[in-house]
Amino acid sequence: MLTELTIGGLIFHTLSLEPAIPDVMTAPNVIMKFDNHNILIGENSVRKPIIGYGYDYNLVNHPTASIDFKLGAYIQDPQPFRDRGITLAFDAVMPIMGFELDLPLNDKVAITTTITPLMTFTGITFKF
C-alpha cells in the first residue's frame with residue numbers, strides 16, 4: 001500500500017566538477033514509498049529518464065523530524081553522459097546511499113531532503 005508520495009524536486013550537485021552538469025537544477029521526479037520500499041521515476045542530471053528502487057531504514061522518528069538511511073539504485077541510459085565526455089563509474093546503474101530528512105509541515109505533508117555524497121534532492125512529501 002502506498003504510504004508516501006514525494007514530488008520534486010530541487011537538486012544540488014555537491015561534488016559536481018563537470019561543466020556539462022549544472023550545480024543546481026530542478027527535475028521532475030516522483031518517489032512512491034510502500035512502507036520502507038521506494039520506487040523512483042523521473043529524470044537524471046542530463047534530463048533523461050530514470051527508474052529505480054530503494055529501501056529506507058528509519059533511524060530517528062520524532063514529531064519535529066525523521067531521519068532515514070537510504071540504500072538503492074536507479075537505471076539510466078549512459079550514452080547522454082558519454083556524449084558529454086562524462087564517464088560513469090557503474091555505467092547504466094547509479095547507486096544511491098545517503099540520508100533522508102523529513103521536516104513535517106503537518107501530519108500529512110513534509111519537506112523531504114535526501115542527502116548523498118554527490119547530491120541533494122528536495123521535494124514535497126504527502127503521507128497517507
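How many residues lie between β2 and β3 in their hairpin, and which residue in the turn has a positive phi? Two residues separate the strands, and D35 in the turn has a positive phi of about 55°.

This is a predicted model, in which local features need pLDDT of at least 70 and side-chain atom pairs count only at pLDDT 80 or more, while totals for chains, interfaces and linings use all residues. Residues are numbered from 1 along each chain as its sequence is written, and side-chain values use heavy atoms, with hydrogens and water left out.

**The barrel**

Eight strands close into a barrel in the order β1-β2-β3-β4-β5-β6-β7-β8, with antiparallel pairing. From one strand to the next, the twist averages 30°. Strands here are DSSP runs of E with at least two residues, numbered from the N terminus, and two strands pair if DSSP finds at least two bridges between them.

Strand β1 (residues 4-13) and strand β8 (residues 119-127) run antiparallel and are joined by nine bridges. L10 has T122 in β8 as its bridge partner. Eight bridges pair β1 with β2, also in the antiparallel sense, and here I7 stands opposite V30 in β2. On to strand β3 (residues 37-43), β2 pairs over six antiparallel bridges, where I39 in β3 is the bridge partner of M32.

In a regular strand the side chains alternate between the two faces of the sheet. Strand β2 (residues 24-34) has a covered face made of M25, A27, N29, I31 and K33. Its uncovered face holds V24, T26, P28, V30, M32 and F34.

Buried means under 20% relative accessible area, exposed over 50%, and partly exposed in between (1.4 Å probe, protein chains only). T112 counts as buried because its relative accessibility is 3%; A110 counts as buried because its value is 0%.

The side chain of T112 makes a polar contact of 2.6 Å with that of D102 and one of 2.4 Å with that of T125. A polar contact is a pair of N or O atoms within 3.5 Å; within protein, one must be able to donate a hydrogen and the other to accept it, and residues adjacent in sequence count only if both atoms are side-chain atoms.

Contact means heavy atoms within 4.5 Å. Leaving aside neighbours within four places in sequence, A110 is in contact with residues including L103, P104, I124 and K127. With residues up to four places away likewise not counted, T112 touches E100, L101, D102, F121, T122, G123 and T125.

**Aromatic rings**

Rings of Phe, Tyr and Trp (its six-membered ring) pair if their centres lie within 6.5 Å; planes under 30 degrees apart count as stacked, over 60 as edge-to-face and the rest as tilted. By this rule the count comes to three aromatic pairs. Two of them are listed here.

| Pair | Centre to centre | Angle between planes | Type |
|---|---|---|---|
| Y55 and Y57 | 4.8 Å | 65° | edge-to-face |
| F69 and F99 | 5.6 Å | 65° | edge-to-face |

The pair of F69 in strand β5 (residues 65-76) and F99 in strand β6 (residues 93-104) links distant parts of the chain, 30 residues apart. Y55, Y57, F69 and F99 form one aromatic cluster. Y55 counts as partly exposed because its relative accessibility is 26%, and F69 is partly exposed at 24%.

Definitions and conventions
Helix = DSSP H or I, 4+ residues; strand = E, 2+ residues; numbered from the N terminus. Axes fitted to C-alpha atoms, helices over the stretch in contact; angles between N-to-C directions.
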